[in-house]
Amino acid sequence: MFRYTLSRSGFGVLALRRAYVLTRFAHSAPKNEYRPIKKVMVANRGEIAIRVFRACTELGIRTVAVYSEQDTGQMHRQKADEAYLIGKGLPPVAAYLHIPDIIKVAKDNGVDAIHPGYGFLSERAEFAQACSDAGVMFVGPSPETVRKMGDKVEARSLAINAGMIRPPQNDAQLHVVLRLELEENYQRAYSEALTAFGNGALFVEKFIEKPRHIEVQILGDKYGNVIHLYERDCSIQRRHQKVVEIAPAFQLDPHLRDRLHADAVNLARQVGYENAGTVEFLVDKHGKHYFIEVNSRLQVEHTVTEEITDVDLVHAQLHVCEGRSLPELGLKQDKIRVNGCAIQCRVTTEDPSRGFQPDTGRIEVFRSGEGMGIRLDSASAFQGAVISPHYDSLLVKVIASGKDLNTAASKMSRALAEFRVRGVKITWMSNEDTCDTQAPSDLYSLFLCSYPGHVMVNGPTTPIPVKAKPSSTDPVVPPVTMGDPPVGFRDVLLRDGPEGFAKAVRAHKGLLLMDTTFRDAHQSLLATRVRTHDLKKISPFVSHNFSNLFSLENWGGATFDVAMRFLSECPWKRLQELRALIPNVPFQMLLRGANAVGYTNYPDNAVFKFCEVAKENGMDIFRVFDSLNYLPNMVLGMEAAGAAGGVVEAAISYTGDVSDPMRQKYSLEYYVKLADELVKAGTHILSIKDMAGLLKPEASKLLISALRDRFPDVPIHVHTHDTAGAGVAAMLACAEAGADVVDVAVDSMAGMTSQPSMGAMVACTKGTKLDTGIALEKVFDYSEYWEVARGLYAPFDCTATMKSGNADVYENEIPGGQYTNLHFQAHSMGLGNKFKEVKKAYAEANKLLGDLIKVTPSSKIVGDLAQFMVQNNLTRAEVEERADELSFPLSVVEFLQGYVGIPHGGFPEPFRSKVELERGKILHIKALALGDLNKAGQREVFFELNGQLRSVLVKDTVAMKEMKFHPKAQKSIRGQVGAPMPGKVLEVKVKVGSKVEKGQPLCVLSAMKMETVVNSPMAGTIKAIHVTPDASLEGDDLILEIEE
């Protein structure tokens, strides 16, 4: 019996097989020097190095990696049989461009051939020549061919000699380009090219409008044989970098395809091209093609060609380098066939919120999309990998293949959807949209026809449990006076800013009102279904007759979600249009803290950007709350609203009864302490948000008096619901105790689960120190419009299923906005006759969950659990007993997981511990170790999670007090300029005292081979500079300060 050992260094099975193959081919090859390759070095890094190593291993070839000092932890050096440091002391990119070090490593370690990969030295003729001079094979074309193809002017001449079409020179057009910011753009392009490739030469040619980028894969040998492996479409690019590649090019004219192939092969034959390469073309909208260049190397997107031709290009490169002919390898043109379609998407570590700037950091969680038809080429795509700012942002290449374009696209879409990456921002681009040949205008026209047609045939998409029909009578708008509306409180805000506005509110004599008719009133009574059309019609009347309103609540909260999901309207457009019609009354919106206008926590930058855009589109006052009064979530929303320039109104969600000494979880002391924290955090206005209408007159006096005594200069705003019918009495009590603003809805949209009546409040305060200054007869006109308009929404009106409010809200504590929705849902689920049981279950569910503050989304959690209990005939005791076996609603599970926040008093135990976090999934977590303090003041904490090593970075708050950090740019301070991305400072273009104009370059940063110019956001004088050349910065680090 013979025994073979699979040793990379000895003659194992692979080595014996290879020896046999080499001998057989050596006898059949044409006469030419044949040099078998036994050891290959890849003068590159990342995924291309690993791609070549894998091909070498398959062929029984030993592999050698090189790496820079910054790449000591990278995967490519671990995948090779040997790995050696190069470029010691050099910058990260320069290390891979240092030819002497690379050649020395090759000679010292018996390397037969060097594969250059792509980028770096792959198209440098001097590197190919250095390999030849050292007696090491270069896996690529000859040095002379690399030189010719690398010189774009000479390549152009060769293309003309080969009869290929070229775009004519057009000096006039070039002059247009030369006028526009050429110097700065030239410097950036030159510097980037010099840094990345060691050659800063630039080539300028004619601009072709809306071209397709088509490239042809070629392969040649040492005997003059040249074939093509069809083409790739690389038209989808960002910042001149390909992001999606498709093979073969779709919807390409067959005659044009043949001409592209023929031109590519003819040019390769003319220069005696050997090894793999790509001939690139532009195709204009008329089907005319233009030669761009030849890339004398393997391309990033070679993968899609391999998938459709079943040709391993790296195998072919190595065999050709050894001296094999293409026919020997079975590579003849008539045998190369296209099989299906392949798409490649590049998943990159880029931050979309920063204009797709490269992002850095450590990957904490990584799960990729896989399965049939999916290929992944990567190097740093694993948990724990550190993404540095020094190299390309490519994380993984995802290649999907199928029988046709649609099949490949669906596989790609599915695979990308499976990705889960935490720790760094990622982005990808898919090509599914390009598969659709319909123009956007065609799709919009199709929607306009198909949507109403669908409703006419199938009825509304929302199930309606009642048979009420919309009224056929349109509301009549009351007469509106001509001319501009009177001056209102928004004029005060625009003139004096948020702080001045708050002072004006506090100094105002009489009671101010906020009208909720445009939002919370119709949310409570009409399931938020009122259309922008009906709001716009009455807006001019409001602007002219209610200019002394504190504000108009008209946006945010559920209206944002419902506008998109059910009304098929754009909430942003609603805001813009209402702003144009009501320029004098401040607008107020609900902002759910870290939830923004959604139902889960969003990234901080998303909340900040949302507030910024909302302010730009007309929003004035941001009423910020959290459903659990969780302070960190509230402070985030407050900071976001403040940074946007809005009025910050921090709202404390009210529950319980401060006048009842038996209920002490949410005591008077609790509310005053929370208010103290919010005032310290910088709120302009303090709000009490009584979502369930639980404030009784006595409790109103106690709470508002305590707050007024504690904060004499802060305006107080009270919001309530009239579910029990005591809303007007409670609001009058609040006003008497010192509240500056209370909420009302116009009479025909008031009462029940909505707000107290506007007319009632106006009438009750008339002639007193609390006089609102609003004309009662105008309230009547306003109410008449909404009484008729309400009939248009009869199927959604709460009166279809309930006829009055109910004082049992003091027991079940169901919020007004939820009360009607819950009633509606109960009817939809066939529980309409059990609504009494649902209300009782709501109170029991609230106790199960630890007596929560019930505001969206926490109120939904309680409601979901209540309906779950009624549907399954479960009592509170049974739920507690069987908690470990019941399949609870997702909202309940996510609450117990901490997704919504931490409730006052903590999570309910032992109920929480019994609930399975996800059916069939139990998390086993074990603390392992605590790491050392890093430069950012963080410690790495290591855990074992379900048997896998996980770690998180936690700020050491004690240690950070003694550490010094580079200051961060404050967005709220005009003139502070921060770093748009992590990187290294290449150049500072100004000095302290320099005068600068808006848009003038200030400094240049470099990260991941990309240079970014930081421009001045304003005109002024440089006050201070906080960086120097070669300094390393993190995102938002302060670069300099400008003063006007």
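Of the contacts in the chain with a separation of 6 or more, 71% join residues 24 or more positions apart. A contact here means heavy atoms within 4.5 Å. The structure is a predicted model, in which local features need pLDDT of at least 70, side-chain atom pairs count only at pLDDT 80 or more, and totals for chains, interfaces and linings use all residues. Residues are numbered from 1 along each chain as its sequence is written, and side-chain values use heavy atoms, with hydrogens and water left out.

The chain holds 35 helices and 38 strands. Both are DSSP runs numbered from the N terminus (helices, H or I, at least four residues; strands, E, at least two). Of the 1044 residues, 53% are buried. Buried stands for under 20% relative accessible area, exposed for over 50%, and partly exposed for values in between (1.4 Å probe, protein chains only). The chain exposes about 46200 Å², and carbon and sulfur atoms supply 53% of that area. Areas were computed by the Shrake-Rupley method with a 1.4 Å probe; for residues, only the protein chains shown count as cover.

In soluble globular proteins, nonpolar side chains tend to be buried together. The largest nonpolar core in this model has 131 residues. Such a core is a set of buried Ala, Val, Leu, Ile, Met, Phe, Trp, Tyr and Cys residues joined through side-chain atoms within 4.5 Å. F518, V718, Y782, W786 and F888 have the most contacts inside the largest core. Helix α31 (residues 858–871) gives the most to this core, with 7 residues. Domain 3 (490–797) and domain 4 (808–914) both contribute residues, so the core lies between them. The domain bounds come from an automatic or database domain assignment. A second, separate core has 34 residues, including A80, L219, L229 and V314.

T305 is found in helix α12 (residues 302–309) and has a relative accessible area of 0%. Leaving aside residues up to four places away in sequence, T305 touches Q217, L229, R232, A247, D310 and L313. T516 lies in the loop between β20 (512–515) and α17 (520–526). Its relative accessible area is also 0%.

On the surface, Y186, Y190, L194 and L202 form a nonpolar patch, with about 340 Å² of accessible area together. Patches are made of residues with over 30% relative accessible area and no salt bridge; like charges are joined within 9 Å, nonpolar side chains (Val, Leu, Ile, Met, Phe, Trp, Tyr) within 5 Å. Y190 lies in helix α10 (residues 182–197). At 33% relative accessibility, Y190 is partly exposed.

The whole structure contains 54 salt bridges. A salt bridge is a side-chain nitrogen of Lys or Arg within 4 Å of a carboxyl oxygen of Asp or Glu. E82 and R62 form one, at 2.8 Å from N to O. E82 is in strand β3 (residues 82–85) and R62 in strand β2 (residues 62–67), 20 residues apart. E82 is buried, at 13%, whereas R62 is partly exposed, at 23%. R375 pairs with D377, with the closest N and O atoms 3.1 Å apart. Both R375 and D377 are buried. R574 bridges to E569 at 3.2 Å, and R574 is buried, at 3%. A network of salt bridges links E215, R232, K242, E245, E280, E301 and R346. R232 is also among the residues touched by T305.
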